[in-house]
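Student: I would like to learn how to read side-chain contacts in a model. Please take me through them step by step.

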Amino acid sequence: MPNCLFQFQKFGVWSHIGGFKVGTDAVLLGAWAKCDNRSSVLDIGAGTGVLSLMVSQRTKACITAIDINEQAALQSAWNFQRSPFGSLCVKQISLQDFARTHAKFDHIICNPPYF
């Protein structure tokens, strides 16, 4: 099995389910995302969960990650369970369905798809 772990200083992001990879754009976006003093953050299209994890290491916010792809949701859940951070959850759901049933968030992050 090839090395499917992208190691950060305080956590790792595995990408062995579904082939989702950690890219430079996600790492930069995660570093630049200003989520200070937020109590709730939504990560749309979570993939591996890298944005949620990067934000979680800098804030006490409750972070909800959503992805319509089952394998992406499984990969995010795998990474969240192995992280040292709390207040992370992932849901396999479309944004449209999620928006109909959930409250507002203080901040929204999203790594746009490039395919």
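Student: Which side chains meet in a salt bridge here?

Tutor: Side chains of opposite charge can pair when their charged atoms come close. In this predicted model, the side chains of Asp 97 and Arg 100 form a salt bridge, with 2.3 Å from N to O. The cut-off for such a pair is 4 Å.

Student: Where do Asp 97 and Arg 100 lie?

Tutor: Both belong to helix 4, which covers residues 95–101. Asp 97 and Arg 100 are three residues apart, about one turn of the helix.

Student: How many salt bridges does the count come to?

Tutor: The count is one salt bridge.

Student: Is Arg 100 buried or exposed?

Tutor: Arg 100 counts as exposed, at 63% relative accessibility.

Student: How many disulfides does the structure hold?

Tutor: The general idea is a distance test: two cysteine sulfur atoms must lie within 2.5 Å. The structure holds zero disulfides.

Student: What is the case for the sulfur of Cys 110?

Tutor: For Cys 110, the closest cysteine sulfur is in Cys 35, 13 Å away, so a bond is ruled out by distance. Cys 110 is partly exposed, its relative accessible area being 34%.

Conventions
Residues are numbered from 1 along each chain as its sequence is written. This is a predicted model: local features need pLDDT of at least 70, side-chain atom pairs count only at pLDDT 80 or more; totals for chains, interfaces and linings use all residues. Side-chain values use heavy atoms; hydrogens and water are left out. Buried means under 20% relative accessible area, exposed over 50%, partly exposed in between (1.4 Å probe, protein chains only). Helices (H or I, at least four residues) and strands (E, at least two) are DSSP runs, numbered from the N terminus.
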